[in-house]
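Dear colleague,

I am handing over the structure below, and after it you will find notes on what was found in it. Please read them with the structure open beside you.

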Amino acid sequence: MDAILNQKNIYDLLEQVPDPEVPALSIIDLGIVRNVEIENGKAVVTITPTYTGCPAMDMIEVNIKAVLQENGIESEIISVLSPAWTTDWMSEEGKQKLKAFGIAPPVGKTTDKLSLLGEEKLVKCPICNSNNTQMISQFGSTACKSLFKCNDCLEPFDYFKCH
Ligand SMILES: [Zn+2]
């Protein structure tokens with residue numbers, strides 16, 4: 001099979017690779033793909049894990065290779081840990097999809113004042129947009145999420161806190 005080996009084509013294919021934890025989001029939405037190069041007829045994809053030790057990352061590497069292979073593209077995945085991924089890298093579209101999925105998107109910049117002061121960030125309820133929410137548990141359905149509860153609509157929801 002003659003694969004069209006160019007960066008655009010590879011980015012398009014990477015759009016089809018879902019985040020194992022939030023399948024509504026692609027790894028492009030998450031902003032973890034740092035670079036794509038073509039070297040010796042191979043796609044060299046550089047990614048930055050959402051956080052070290054996130055078990056989902058191994059799956060992402062396997063999924064990238066599988067999607068590219070299905071399209072006749074050999075690939076090599078390089079993990080770069082520095083600079084560390086932050087939720088700021090997530091695309092606006094990604095944050096919207098996260099919300100539509102019922103998970104509160106990460107709030108604000110990682111360098112915002114409240115977080116420097118060590119204060120709790122304001123997490124909006126993805127269901128009714130209320131700011132009147134509270135954290136129930138540090139760990140939600142996976143280690144990357146915290147479990148919150150909305151005090152207005154009383155719905156529990158996950159907050160994506162990987163950073
Ligand atoms: Zn609510």
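**The nonpolar cores**

The largest nonpolar core has 26 residues, and those that touch the most other members are Leu 14, Ile 27, Val 45, Ile 47, Ile 64, Leu 68 and Phe 160. A nonpolar core here is a set of buried Ala, Val, Leu, Ile, Met, Phe, Trp, Tyr and Cys residues joined through side-chain atoms within 4.5 Å, where buried means under 20% relative accessible area, exposed over 50%, and partly exposed in between (1.4 Å probe, protein chains only). Two or more residues come from each of helix H1 (7-14), helix H2 (27-30), strand S1 (33-39), strand S2 (42-47) and helix H3 (56-70), and H3 gives the most, with 5 residues. Helices (H or I, at least four residues) and strands (E, at least two) are DSSP runs numbered from the N terminus. Because domain 1 (7-79) and domain 2 (87-160) both give residues to this core, it lies between them; the domain bounds come from an automatic or database domain assignment.

Ile 47, leaving aside its neighbours within four places in sequence, is in contact with residues including Ile 32, Met 57, Ile 60, Ile 64, Ile 77 and Val 80, contact meaning heavy atoms within 4.5 Å. There is also a second, separate core of 7 residues, among them Ala 104, Val 123, Phe 148 and Phe 157.

Please keep in mind that this is a predicted model, in which local features need pLDDT of at least 70 and side-chain atom pairs count only at pLDDT 80 or more, while totals for chains, interfaces and linings use all residues. Residues are numbered from 1 along each chain as its sequence is written, and side-chain values use heavy atoms, with hydrogens and water left out.

**The zinc site**

Which residues are the protein donors of the zinc ion? They are Cys 125, Cys 128, Cys 150 and Cys 153, each through SG, lying 2.3 Å from the ion; donors are N, O and S atoms within 2.8 Å of the metal (3.2 Å for Na, K and Ca), and since water is not among the atoms, sites may look incomplete. The donor residues are spaced C-x2-C-x21-C-x2-C in sequence. The arrangement is tetrahedral because the 4 donor atoms subtend angles of 105 to 115 degrees around the zinc ion, the criterion for four donors being that all angles lie between 85 and 135 degrees.

Cys 150 lies in strand S6 and is buried, with a relative accessible area of 0%, whereas Cys 153 is partly exposed at 27%. Apart from neighbours within four places in sequence, Cys 150 is in contact with Cys 125, Cys 128, Ser 130, Asn 132, Thr 133, Glu 155 and Phe 157.

**Backbone details and a buried lysine**

A cis peptide bond, with omega about 0 degrees, joins Ser 82 and Pro 83, and Pro 83 is placed in the loop between strand S3 (75-79) and helix H4 (92-100). Asn 40, in the loop between S1 and S2, has a positive phi near 50 degrees and is exposed, with a relative accessible area of 82%. Leu 154, in the loop between strand S6 (145-150) and strand S7 (156-160), has a positive phi near 65 degrees and is exposed at 56%.

Lys 95 lies in helix H4 and, at 16% relative accessibility, counts as buried. Not counting residues up to four places away in sequence, Lys 95 touches Thr 87, Met 90 and Pro 105.

With best wishes

Key: Four donors count as tetrahedral if all angles lie between 85 and 135 degrees; four count as square planar and six as octahedral if opposite donors are over 155 degrees apart and all others between 65 and 115; anything else is irregular.
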